[in-house]
Amino acid sequence: MGKVITIGEIMLRLSTHQGTRLAQSDALMVQYGGGEANVAISLANYGHESYFASKVPDNSLGDAVSKHLNRYGVHTDYLLYGGDRLGSYYVESGIGQRATTVIYDRAYSSFAQMQAIEWLPETLFSKADIFHVSGITPALSPAWRRLTLELMKSAKRQGCKVSFDINFRSKLWTQQEAGEALAELFPYVDYCSAGEMDALHLMAIEECPEGQSELSYYYQKMQEKYPNIQLFYSTKREVTSASVNTLVGTLWVNDNYYESLLYPINPIVDRVGGGDAFCGGILHGILTKIAPQVLIEFATAASALKHTVEGDCNQFSEQEVKQFMNNQSGKIIR
């Protein structure tokens, strides 16, 4: 198994029960989540040595974050304490034709206010196989745009591969700002979560000509632009309603395109974190050196399973994901 370092912001999540509007709620479910933390949890579930680095306030909410991560086996050696507050977000759970909505309250959080790297990079990335970060982190502040680049360079100097999930959030920055920042980061990335919209709007790749396989085209063009990136991956999702989706995983590696089986998800319990579960499955496949087709099937199955539980994070082991891959009927497992 491998050693993985993830860095990002973790937040307090407050969610309504399905069928209840946020404005009418008199009780909210409390969970913790964030892209990089969710990936760290997936990898810990699969038996990897998984670390999450961040900064949280030195109070009971910060303690709760540590306990949340430790509960899933994530190491918190690099969880810093300080600053004024833990960022939070509110989820109004969708159902049927009513979509899930999210309201963020993350300004001036302990992590977002960081101005310098407060870890020793030589220690942080020592003997690490993969450093994972998402595009949410450099979007938090001008300082974090600079710090993300510094951390990527430090990881590469330590011989650590860099994994990057673009994870564009229009509420945090514009397409132009993201495109300019990503152009600085991509030369240091080895594994990248990116799809058609990222290629078109963030990498300035020309639209696919008629008659060509679209995703295969965009993956090929992205790799031509950034040949250092060894592997691209993303999902294709068809949304029937907030409760019913289908999911297909896609992968580009060694100039070959791979696609998973189609996974129908009905009903969806909680879609938030599905992409992070997919990313965790991809990194697990890379670390365990499984064949590309098996890798994309595992990652997509992991994402589909995540949709069946409340909260941000994947709660399933490697064995449970494999069992699901072999038995998607929902029958009782005895």
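The tour goes from a sheet to a loop residue and then to a helix pair.

This is a predicted model, so to speak with two cut-offs: local features need pLDDT of at least 70 and side-chain atom pairs count only at pLDDT 80 or more, while totals for chains, interfaces and linings use all residues. Numbering starts from 1 along each chain as its sequence is written, and side-chain values use heavy atoms, with hydrogens and water left out.

**The sheet.** Select β3, β2, β6 and β7: in that order they form an open sheet of four strands with mixed pairing. (Strands are DSSP E runs of at least two residues, helices H or I runs of at least four, numbered from the N terminus; two strands pair if DSSP finds at least two bridges between them.) The edges are β3 (29–33) and β7 (101–105), each pairing on one side only. From one strand to the next, the twist averages 25°. Now pick β2 (residues 11–15), which runs parallel to β6 and is joined to it by four bridges. Leu-14 has Tyr-90 in β6 as its bridge partner.

**The loop.** Go to Gly-82, between β5 (79–81) and β6 (88–92). Is Gly-82 buried or exposed? Gly-82 is buried, at 16% relative accessible area (buried is under 20%, exposed over 50%, partly exposed in between, with a 1.4 Å probe and protein chains only). Leaving aside residues up to four places away in sequence, Gly-82 touches Lys-55, Val-56, Pro-57, Asp-58 and Ser-110 (contact: heavy atoms within 4.5 Å).

**The helices.** Finally, show α10 (residues 292–306) and α11 (residues 318–326), whose axes lie 9 Å apart at about 95°. Axes are lines fitted to C-alpha atoms, for helices over the stretch in contact, with angles from 0 to 180 degrees between N-to-C directions. Among the residues meeting here are Phe-298 in α10 and Phe-324 in α11.
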